Amino acid sequence: MSFIKTLISGEEGLFNGDTLTSMQKMTLRFVVVGLIFYGFVVIEGMLMRIFEVTPVPFISQPQFFAIMTAHPLVGIFGSTYSIVFGAFLFLVPFLMKKPLWSIKMAKWNLVFVAVGTLTFWTAGFISHYAPLYTLYWPLPADFNQFSVWGGTFFIIGIALVMVGSTLFIINIFKTITYTPEGWEKQPAGALLGSALGIGGFKNLFRKNKIEHLVSLPVAAIARGTVDMAFNTGIILFTGVLILIYMVASILGFDLKTTAIDALLYKNWFWWGLDLIADGLVLIFVAGTWYLLATLITGKKLFMQNIARAALLVELVVSWTVWSHHLLSDQAQPGILKVLSGEMVTAFELITQGLAFFITLATLWSARPLKMTNPLKFLLGGLLGFALAVPAGIMQADVGLNRILHNTQWVIGPHVHVAILVGLTMTLYSAIYFLFPILTNGAKMHSQKLVDIHFWCHLIGGIGMGAFMGMAGLNGMLRRSLYVNGEFNTYMILAAISGTLLLIGFLVFFYNIVMGVGIKGVIDIFLPAKVKGKNLLPE
Amino acid sequence: MVDSTVVIYGQTLAYTFYCIVLILLMAWFAYKVTRGDKGTFVKPAIFYTFVAFLTVLGVSLHIITFNTIPWAEMDLNRSNYNPDKTFVITMQDHKFTLPSSKMIIDLNDKVLFDVKSNDLTYGFGLFRNDNTMMFQMQVVPGHRNDILWQFKKPGVYTIRSTEYSGPKGVFMIEKDVVEVVDHSGIIK
């Protein structure tokens, strides 16, 4: 096929949008939106990296910090949430062999997340609202530095994403528990209990063990969604709180910021935010590893009852680890620093280590495996978390935190390696696995380009984390600027690594577009011609 | 007290070694998993040994650092120590107000930095001339923010806010305002 023909109609003309069900289209839309926002994040990252090396005229310092504020939020909500929502809204009904509770709600879910992300991104871009995602009190309500109108729209954007998240949460739990039309009545309570681990916990004390009603990946999705529900509530509440200060300011009233205790706010905020980083991300990722390992091998998961129990432990642990973010806060009680900040946090090494081992052991049991695209990206994802989790455990130590907190170490070897290598490569593995299923047999344009994507992403992600980490160990702070080029060597090396990531993403995007064709991409956003709630065409 | 550069050096070595071993291990696994006649099940004993290893590692890391990093114990129990010197510092409007233009410290002294914020959440960190960090803490408004530190090396240090407090926070730097001198008063 000629280049133009492939660009328009896709590889070998295999993709036909008319054959897609509503569910397939809905899932693909989530993925496309998520990948577009991922593109935003990669470009933003490169812009910030360039500015860190040498100030460029088209970015001002306030703009730099506005980009830094939007960057993680676009990455988490716009990109990761979109891809995860799409994948799980497809997988839960797929694994439970029943239709999604509401496709309409899923479509609105995407609209809220996409519009919300664009709203807060645009608000920050125009107004330079930049309290950063940590929003330490009373910074978000400091109107000497920030435009109150910009802040208002920014918070509204975040609130829209949270509404979208709420729709996802409702849809997931309703899908697990509801009885589809014409079906025998489903045991909603027992299904919910099994998904949340209550059934498994009761089994510990029963002579006659009761079988799990939902599969392990569905249990992982449900438990991660519990953390998402708490997190959504906290962020919504926090947004409303900040909004009250902003609306009051617009109306000419200056509310007293000291009415809110700064340390209490910090504890509250980190408790909620940590439900993403140390909660739902780890649980969702472990569940995805288990699912991919069983799908790739066709074998049962190694030690699956322990894996199921570990997911419950991880859920409980995620509610009690927030204090590792406050080890450098001298007013934080010492008991919280040691128990929550150090000891309970160390459990994440155990739970994540278990997930790592169980996945590898499952793959090992099916030797020899073909090194498929999902397998190689899954191994990359496993490596990413195995590098990033111990880096986090090290900084969650009273002694080491004194010299690591707020340095590039935290954001490099821990956060960026966890997200870019661990999480994103796991998501890529799922995308490569689901691509032919969701497109009814379309093919990637080029296997060589998949390999380039893999190596660019892996080397770029680890390289970026490593050079940021070296800068951090040498004293470079995060959320700061060094106008005299003190850390330029590390930042240039990190920028080269970032360039690899960008190349990897562009290659992947090109490969996907050439796989389905531009006509196919447009088709994805048109109404489905195959009616009904079926996941796949009959 | 051991200087924090020694601790950083130890950490760098340990983590680098871990990363190299892990990457090699994963490369080996990726190679082996595509070869062999048939898969073998991993013995549960290996799994439980791994779990035990992680548990010991997770707990012992903090016990080891508590007993080897000298400031860890002093920091948690700082109210039980009598500082040789106390510096009260105020932060407001993105500016430091220092007790004097130069804070002179005698070698081996235990010094308490008592830092107060009157508006935003800031950070307080001490940095060497090569930009490496000596230590830092958060400075939260409405709360006591104090850190006790023993200086074992003479030198000149810079104070910098280590927490983002808006774009202006980048410039919260007080260059060479802390000086640690030996008993004869000569800077080494």
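Predicted model: local features only at pLDDT ≥ 70, side-chain atom pairs only at ≥ 80, totals over all residues.
Is the crossing of α3(A) and α5(A) left-handed or right-handed?

**Stop 1: α3 and α5 of chain A**

Select α3(A), residues 61-96, together with α5(A), residues 148-177. Their axes come within 10 Å and cross at roughly 15°. Angles under 35 degrees count as roughly parallel, so α3(A) and α5(A) are roughly parallel to each other. The crossing is left-handed.

Now show the side chains where the two helices meet. On α3(A), pick F77(A), Y81(A), F85(A), F88(A), L89(A), V92(A), P93(A) and M96(A). On α5(A), the partners are V161(A), S165(A), F168(A), N171(A), I172(A), T175(A) and I176(A). Coloured by class, this contact shows 12 nonpolar and 3 polar residues, with no charged ones. While looking at the spacing of the picks, keep the helix repeat in mind: with 3.6 residues a turn, residues three or four places apart point the same way.

**Stop 2: α9 and α14 of chain A**

Next select α9(A), residues 262-297, and α14(A), residues 408-438. Here the axes come within 10 Å and cross at roughly 40°, which makes α9(A) oblique to α14(A). This crossing, too, is left-handed.

From α9(A), display V281(A), V285(A), T288(A), W289(A), L292(A) and L295(A). They meet G422(A), L423(A), T426(A), S429(A), A430(A) and F433(A) of α14(A). The contact of α9(A) with α14(A) comprises 8 nonpolar and 4 polar residues, and no charged residue.

**Stop 3: α15 of chain A**

Just after the helix, select G475(A), where phi is positive, about 100°.

**Stop 4: where chain A touches chain B**

Show both chains. The contact between them takes 67 residues from chain A and 66 residues from chain B. On chain A, α3, α9, α11 (334-364), α12 (373-395) and α13 (398-404) each supply at least two residues to the side that touches chain B. Which helix gives the most to that side? It is α11(A), with 13 residues. By class, this side of chain A has 41 nonpolar, 15 polar and 11 charged residues.

**Stop 5: chain B**

Finish by colouring chain B by domain. Domain 1 covers 4-68 and domain 2 covers 83-181. The C-alpha centres of these two domains of chain B lie 37 Å apart.

Notes:
Residues numbered from 1 in each chain as written. Chains lettered and ligands numbered in written order. Helix = DSSP H or I, 4+ residues; strand = E, 2+ residues; numbered from the N terminus. Contact = placed C-beta atoms within 7 Å. Nonpolar A, V, L, I, M, F, W, Y, C, P; charged D, E, K, R; others polar. Domains from an automatic or database assignment. Axes fitted to C-alpha atoms, helices over the stretch in contact; angles between N-to-C directions. Parallel < 35°, antiparallel > 145°, perpendicular 65-115°, else oblique. Left-handed = near helix turned anticlockwise from the far one by under 90°.
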